[in-house]
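Here are my notes on this model, as numbered points. Please read them with the structure open.

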Amino acid sequence: DPQQRYVFVADGQDKKVLILQRDTLAEIGSFGSGGRYPGQFLAVNSVAVDSMGNIYTGEHHHGKRVQKFVPGK
């Protein structure tokens with residue numbers, strides 16, 4: 001988001017990405033679950049956001065893949 005209100009954190013233990021409020025670090029949401037299908041994670045360990053707000057996740061271990069999440073879809 002342009003105001004940079006959120007922080008995205010890869011939670012490999014729980015196989016999801018946490019969404020935190022930047023100023024308080026309070027968890028306001030998450031996405032993903034354990035599994036091999038699109039939108040699921042085996043071992044998510046990195047998160048990046050581009051200038052258009054797309055979120056990219058990287059996985060190691062058996063997954064070894066990158067996924068792209070588009071906001072609002």
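What share of the 73 residues of the protein chain count as buried? The figure is 26%, where buried means under 20% relative accessible area, exposed over 50% and partly exposed in between, with a 1.4 Å probe and protein chains only.

1. Basis. This is a predicted model, in which local features need pLDDT of at least 70, side-chain atom pairs count only at pLDDT 80 or more, and totals for chains, interfaces and linings use all residues. Residues are numbered from 1 along each chain as its sequence is written, and side-chain values use heavy atoms, with hydrogens and water left out.

2. Fold. The protein chain has six strands and zero helices. Its pattern along the sequence is β-β-β-β-β-β. Both element types are DSSP runs, numbered from the N terminus: helices are H or I with at least four residues, strands are E with at least two.

3. Overall dimensions. The radius of gyration of the protein chain is 12 Å, which agrees with a compact globule of 73 residues, since that would have a value near 11 Å. The radius is taken over C-alpha atoms, and the globule rule is 2.2 Å times the number of residues to the power 0.38. Along the principal axes, the C-alpha atoms fill a box of roughly 35 × 25 × 20 Å. Take the contacts between residues at least 6 apart in sequence: 25% of them join residues at least 24 apart. Contact means heavy atoms within 4.5 Å.

4. Largest pocket. Its volume is about 310 Å³. The lining has 15 residues, and Asp 1, Phe 8, Val 49, Gly 53 and Ile 55 lie nearest the centre. Strand S1 (residues 6-11) gives the largest share of the lining, three residues. By type, the lining divides into eleven nonpolar, two polar and two charged residues. Here Ala, Val, Leu, Ile, Met, Phe, Trp, Tyr, Cys and Pro count as nonpolar, Asp, Glu, Lys and Arg as charged, and the others, Gly among them, as polar.

5. Pocket terms. On a 1 Å grid over the protein atoms alone, a pocket is an open set of points with protein on both sides within 12 Å along at least five of seven lines, and lining residues have an atom within 4 Å of a point. Grid points are joined across faces, edges and corners, and the volume is the space filled by probe spheres set on the points.

6. Aromatic pairs. The whole structure holds two aromatic pairs. One is tilted, because the rings of Phe 41 and Phe 69 have centres 6.0 Å apart and planes at 55 degrees. Rings of Phe, Tyr and Trp (its six-membered ring) pair if their centres lie within 6.5 Å; planes under 30 degrees apart count as stacked, over 60 as edge-to-face and the rest as tilted. This pair links distant parts of the chain, 28 residues apart: Phe 41 sits in the loop between strand S3 (27-31) and strand S4 (44-49), Phe 69 in strand S6 (residues 66-69). Phe 41 counts as buried at 0% relative accessibility, and Phe 69 counts as buried at 18%. Ring pairs join Phe 31, Phe 41 and Phe 69 into a cluster.

7. Asn 54. Where is Asn 54 found? It is in the loop between S4 and strand S5 (55-59). Its 6% relative accessibility is why Asn 54 counts as buried. Not counting residues up to four places away in sequence, Asn 54 touches Ala 48, Val 49, Lys 68, Phe 69, Val 70 and Pro 71.

8. Val 44, in strand S4, is buried with a relative accessible area of 2%. Beyond four places in sequence, the contacts of Val 44 include Ala 10, Asp 11, Val 17 and Thr 57. Val 7 lies in strand S1. Leaving aside neighbours within four places in sequence, Val 7 is in contact with Leu 18, Ile 19, Leu 20 and Arg 22.

9. Positive phi. Most residues other than glycine have a negative phi. Gln 4 has a positive phi, near 50 degrees. Gln 4 is in the segment before S1 and counts as exposed at 51% relative accessibility. Lys 15, not a glycine, also has a positive phi, about 60 degrees. Lys 15 is placed in the loop between S1 and strand S2 (16-21) and counts as partly exposed at 32% relative accessibility.

Technical notes. On a 1 Å grid over the protein atoms alone, a cavity is a set of points where a 1.4 Å probe fits but cannot get out, and a pocket is an open set with protein on both sides within 12 Å along at least five of seven lines; lining residues have an atom within 4 Å of a point.
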